[in-house]
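Hi everyone, thanks for making time. I'd like to walk you through one structure, going from the whole chain down to single residues. Have a look at it first.

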Amino acid sequence: MAELESLETAAEHERILREIESTDTACIGPTLRSVYDGEEHGRFMEKLEARIRNHDREIEKMCNFHYQGFVDSITELLKVRGEAQKLKNQVTDTNRKLQNEGKELIVAMEELKQCRLQQRNISATVDKLTLCLPVLEMYSKLREQMKSKRHYPALKTLEHLEHTYLPQVSHYRFCKIMVDNIPKLREEIKEVSMSDLKDFLESIRKHSDKIGETAMKQAQQQRNLDNIVSQHPRISGGKKSKREFCASSDLEVKNTSPMSEQDSGILDVEDDDEDEEVPGAQDLVDFSPVYRCLHIYSVLGARETFESYYRKQRRKQARLVLQPPSNMHETLDGYRKYFNQIVGFFVVEDHVLHTTQGLVNRAYLDELWEMALSKTIAALRTHSSYCSDPGLVLDLKNLIVLFADTLQGYGFPVNQLFDMLLEIQDQYSETLLKKWSGVFRNILDSDNYSPIPVSNEELYKKIVGQFPFQDSELEKQPFPKKFPFSEFVPKVYNQIKEFIYACLKFSEDLHLSSTEVDDMIRKSTNLLLTRTLSNCLQNVIKRKNVGLTELVQIIINTTHLEKSCKFLEEFITNITNVLPETVHTTKLYGTTTFKDARHAAEEEIYTNLNQKIDQFLQLADYDWMALEPGCRASDYLVDLIGFLRSTFAVFTHLPGEVDVHSTMSGKVAQTACMSACKHLSTSLLQLLLEAEVRQLTLGALQQFNLDVEECERECPVTPCP
């Protein structure tokens, strides 16, 4: 058994030795490890030593066999060494020369290396700049846009810069600075755009007057065009319009009326300008600041803040616009400027309403208009109440109508303005009545209270054209001849017509029906007759220095004016096209007015006669103790009868009266005679019954009886029944 193991160990050692001989030195480690792992380490070393000795013997044997070749090789090697030394010297020399020559190449290579490095750096820099330059360009563009106040494009550029360009180069320090500045730039854009908006608001506040004036001119042009279109059918149909009727009637009278001068034409556009196009509000105002600011605040998410600020500022401006100047009532220009500012304000707001989405809405605008309407109406009521010139009131009415039409064209309700115009119409009537009161006073004061003489047919037709008078007997008389009335009759008649014209002018463009216009004119005319003209006539009649001749002429004049009332009715009917038979049509009270004036004149005649009689009776100086009567009537009574004779001769001019020495059939003459005789008889009786007369003689009674008989004899001078 031991022998078997010994054999196995020897075989294993032999294998290991072969592996050592055949294996590469780098891989011999595992083989040696197996030797050390075994228990026969000593024996392996012995075998290894034996194997080395065998190889040494073989090497020695081989060397002995090749010794001569070795010697030859050494000899050759020595020869080669000399040649090698020469070669070495040549190589060294060549190397030295190469080194000398290569220094420039090395320098060039270093330079090339540096250039390549720089080239790589430049390429990298170009790549980085390619990313950074758009950022810088966008930032430069942003600053340029802000400098040129193009804030909305600047905001768009800022958004593009922030979300597109900066993220690509966010690791650079300058980009971080830009990122930090973005909120500041946004705030700067916001502040600058708000500053532009404030400038815009201030600008439109200053220019509201011009904007409103332009809008009202447009409305006036449109109204003129509508009037031309509406009047054309009437012209072709041959019917007279109200304006045409007034124009044709104006040819009949002289321009002596306070309203006969050319109308103010405050709102008329000149013919030369009718064809010119009036610019709109958008042509006068640059709304871009509003749009830009709205877009900017919308992009910044602050639209509600902007809307609130805009509306708040415009409300403040509205309150300023609606505050009328203290002297607005003095001139029409004051009213015009006030209206222009209001119209300009709402034209701008209407334009903003229709060109922006939600900056202002209809509810906001309606609220502003309600406030404006109430303040405007209150201001007009206050200031118009100070106006005493009917011409100014009429011009104000025309201006208010144009103001209302202009705003109505923009969709604002204006019914309250037209209702207020009806209130102003009452004031207008009062100013007309005051003015015509002065006109009537001037006419009555300047009248000579004598029948109008005419010397030829032309003058006769002129008077008849001014006043509706027809008398076939007078027409047959040869020239010269006289009208029974004085000059104040045609003048008063024509002034009444002019008053009607003035009332009609106010009713134009008020959207009233013909019935309403007719009622308004008739009521105003009734006030003119019953109050103004009646008071003027009463004042003339009650004057202290008025004579019986003037009173008689007043009676004649009022009689003819009373007869002309039916022509005034027809005149109003022709103007308003409302028949008198229409239900609720107001009747003229002219007949009553002139009757009252005539009765007052008659009463004044009776009173004056009685006063004159009293004055003559004061001259009576009876000697109640006379023994014998005189041979004739008392002197004072003779003078009194002479006065009465001349006085009653005046009544021959009364319509329907006959010669004074004939029976006077007129009621005035009869009443005057009866009043005078009654007053005379009563006064004579009172002389006898005076307390101072305590006793009297027969002679005194006989003298008194002579005076009474003289009165009876002269009684035929009067038509006393």
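**The whole chain**

Okay, so of the 721 residues of the protein chain, 41% count as buried, where buried means under 20% relative accessible area, exposed means over 50%, and partly exposed is in between (1.4 Å probe, protein chains only). Before I go on: this is a predicted model, so to speak of local features we need pLDDT of at least 70, side-chain atom pairs count only at pLDDT 80 or more, and totals for chains, interfaces and linings use all residues. Residues are numbered from 1 along each chain as its sequence is written, and side-chain values use heavy atoms, with hydrogens and water left out.

The secondary structure comes to 24 helices and two strands; helices (H or I, at least four residues) and strands (E, at least two) are DSSP runs, numbered from the N terminus. The accessible surface of the chain is about 41600 Å², and 53% of that belongs to carbon and sulfur atoms. Those areas come from the Shrake-Rupley method with a 1.4 Å probe, and for residues only the protein chains shown count as cover. Now contacts, meaning heavy atoms within 4.5 Å. Among contacts between residues at least 6 apart in sequence, 79% join residues at least 24 apart.

**Helices side by side**

Let's zoom in on helix H11, residues 332-355. How do H11 and helix H13 (residues 390-409) pack? Their angle is about 5°, with the axes 10 Å apart. That makes H11 roughly parallel to H13. The cut-offs are these: under 35 degrees is roughly parallel, over 145 roughly antiparallel, 65 to 115 roughly perpendicular, and the rest oblique. The axes are lines fitted to C-alpha atoms, for helices over the stretch in contact, and angles run from 0 to 180 degrees between N-to-C directions. Residues of H11 that meet H13 include Leu332, Phe339 and Val343, and their partners in H13 include Leu396, Leu399 and Phe403.

H11 also packs against helix H12 (residues 362-384), at an angle of about 175° with the axes 12 Å apart. H11 and H12 are therefore roughly antiparallel to each other. Among the residues making this contact are Tyr338, Phe345 and Glu349 of H11, and Leu365, Trp369 and Ala372 of H12.

**Charged pairs**

Side chains of opposite charge can pair when their charged atoms come close. The structure holds 21 salt bridges, each one a side-chain nitrogen of Lys or Arg within 4 Å of a carboxyl oxygen of Asp or Glu.

In one of them, Arg314 and Glu349 meet at 2.7 Å, N to O. Arg314 sits in helix H10 (residues 303-321) and Glu349 in H11, so the pair ties together parts that are 35 residues apart in sequence. Are these two buried or exposed? Both Arg314 and Glu349 are buried.

Next come Asp389 and Lys435, with 3.9 Å from N to O. Asp389 is in the loop between H12 and H13 and Lys435 is in helix H14, so this pair ties together parts 46 residues apart in sequence. Asp389 is partly exposed at 35% relative accessibility, and Lys435 is partly exposed at 31%.

Then there's Arg522 with Asp518, where the closest N and O atoms are 2.8 Å apart. These residues are four apart in helix H18 (residues 514-541), separated by about one helical turn. Asp93, Arg96 and Lys97, meanwhile, are linked in a network of salt bridges.

Which residues does a cis peptide bond join? Phe479 and Pro480, with omega about -5°. Pro480 lies in the loop between helix H16 (472-476) and strand E2 (481-482).

Tyr449 has a positive phi of about 50°, although it is not a glycine. Tyr449 is in the loop between helix H14 (415-446) and strand E1 (453-454), and is buried, with a relative accessible area of 6%. Asn577 isn't a glycine either, and has a positive phi of about 60°. Asn577 is in the loop between helix H20 (565-576) and helix H21 (590-617), and at 59% relative accessibility Asn577 counts as exposed.
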